[in-house]
Amino acid sequence: MSAPVTSVAGGVDLAARDTLRLCTAGSVDDGKSTFVGRLLHDTHSVLADQLDAVERSSKERGFPGGLDFSLLVDGLRAEREQGITIDVAYRYFATEKRTFILADTPGHVQYTRNTVTGMSTAQLVVLLVDARNGVVEQTKRHLSAAALLGVDQVVLAVNKIDLVDFDEQVFRGIESEFVSIAARLGIGTAKAVPISALGGDNVAQRSERTPWYGGETVLELLETLPVERAEAAALDFRFPVQYVIREHETDYRGYAGRVAAGAIAVGDEVALPEGRSARVTHVDTPDGPASSAVAGESVTLRLDEDVDLARGDLISAGTRPEPTRRISATLVGLGEAGVRPRQRLTLRYGPATTAARITSIDDTVDLDGGVAEEDPGELKLNDIAHATVELQRPLPVEDYAARGAVGAFLLADQATGDTLAAGLVGLHLTGARG
């Protein structure tokens, strides 16, 4: 493997490289912060003054080995004092082959909701386990969250392999269990790597202490596993209107928003609410007129029909999602207060909002397979449940796809505005229901 090169100052042409969005997750004390710090250090992504400060701090603390890599990433004072990661932090680094956006997420069970946030935009998850403990409940929870959010690539970093004397049998047992669970959940690519984040074994460089392991390092996997560019672009066109721009003096009427899925070009026919249709006459961007737009781009569309659209209305092409007032959904509990049937809620689907309530919580998903509890009566923090949601007004929702390009929504307390649950249209993780 060639020596990694990563900073702009080091001469990497960032614009010419693919970008991979990844997320790290793991249980408390699995060494995730040390792993991320090691990865940044070994890819030369740490500024010299920052490294000097960490070296001084590590020496003052009498840290064995000389350098506490976790100090490179646990930036909050509370994180440093408690030795745990609390917030989701985004790290940016690059090698000769790719640029990376890394969502570093918490491991403690009470912060699982933060992990869900980090995974929601990831193309790949690096999941850490302690070689002494193997796959634990939080590992299964994180795998379930990855499958739920449509992440199809998971790398299991079996950390602290040095503390089990680099025992191949220990690693193979963990690898076998991980691959089995990932297959049951429908995760397409599941790779396990024996590592020591503290020693640097198989993180960015191959280790001579694992001669029995012939696979890639974690960094090699990050550099070579495919980047799914066209996932959202391959869907039918979806454009939720965020703002209507009117200029009466010039008779300008444009519909501003972000292309959620698919692509559109000048001259294409689009579907509008209430069965209407029109053709796109202009695609306006901050840089001037364009002939087309694709998923992820923020643009203003002009149409050949003078139609009265408002924030939250959907402009679409291809299949036309039918508005509905009743949703079968998979919910993830994000609020400590929990959610109960008949509770007054606000549902946010893109820019659209409406009053809503849960009519039934049918069951919660057991991370070991099967149904944890039927008709639980409440969605608690970190629960994954199948439920039915009733809307006050019809919305053109559709099944969850492309990690939230379509089909994702939030439920908030109507009185306080606190977010209580994330929702995915459709009954996901049904394969875990026995």
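Let's start with a pair of side chains: Arg 209 and Asp 201 form a salt bridge, with their closest N and O atoms 2.7 Å apart. Keep in mind that this is a predicted model.

Another one joins Asp 306 to Arg 253, where the closest N and O atoms are 2.6 Å apart. This pair links distant parts of the chain, 53 residues apart: Asp 306 lies in the loop between strands S14 and S15, and Arg 253 belongs to strand S8. Asp 306 is exposed at 63% relative accessibility, whereas Arg 253 counts as buried at 19%, as the cut-off for buried is under 20%.

Now for Asp 104 and Lys 32, whose side chains meet in a salt bridge at 3.0 Å, N to O. Here too distant parts of the chain are linked, with Asp 104 in strand S3 and Lys 32 in helix H1, 72 residues apart. Asp 104 is buried at 1% relative accessibility, and Lys 32 is buried at 4%. Arg 91 joins in as well: Lys 32, Arg 91 and Asp 104 are linked in a network of salt bridges.

Lys 32 brings us to helix H1, residues 32–42, which is mostly covered, with ten of its eleven residues buried. Among them are Phe 35, Val 36, Leu 39 and Leu 40. The cover includes strands S1, S2, S3 and S4, along with helix H7. After H1 comes His 44, with a positive phi near 55°.

Definitions and conventions. Residues are numbered from 1 along each chain as its sequence is written. This is a predicted model: local features need pLDDT of at least 70, side-chain atom pairs count only at pLDDT 80 or more; totals for chains, interfaces and linings use all residues. Side-chain values use heavy atoms; hydrogens and water are left out. Buried means under 20% relative accessible area, exposed over 50%, partly exposed in between (1.4 Å probe, protein chains only). Helices (H or I, at least four residues) and strands (E, at least two) are DSSP runs, numbered from the N terminus. Contact means heavy atoms within 4.5 Å. A salt bridge is a side-chain nitrogen of Lys or Arg within 4 Å of a carboxyl oxygen of Asp or Glu.
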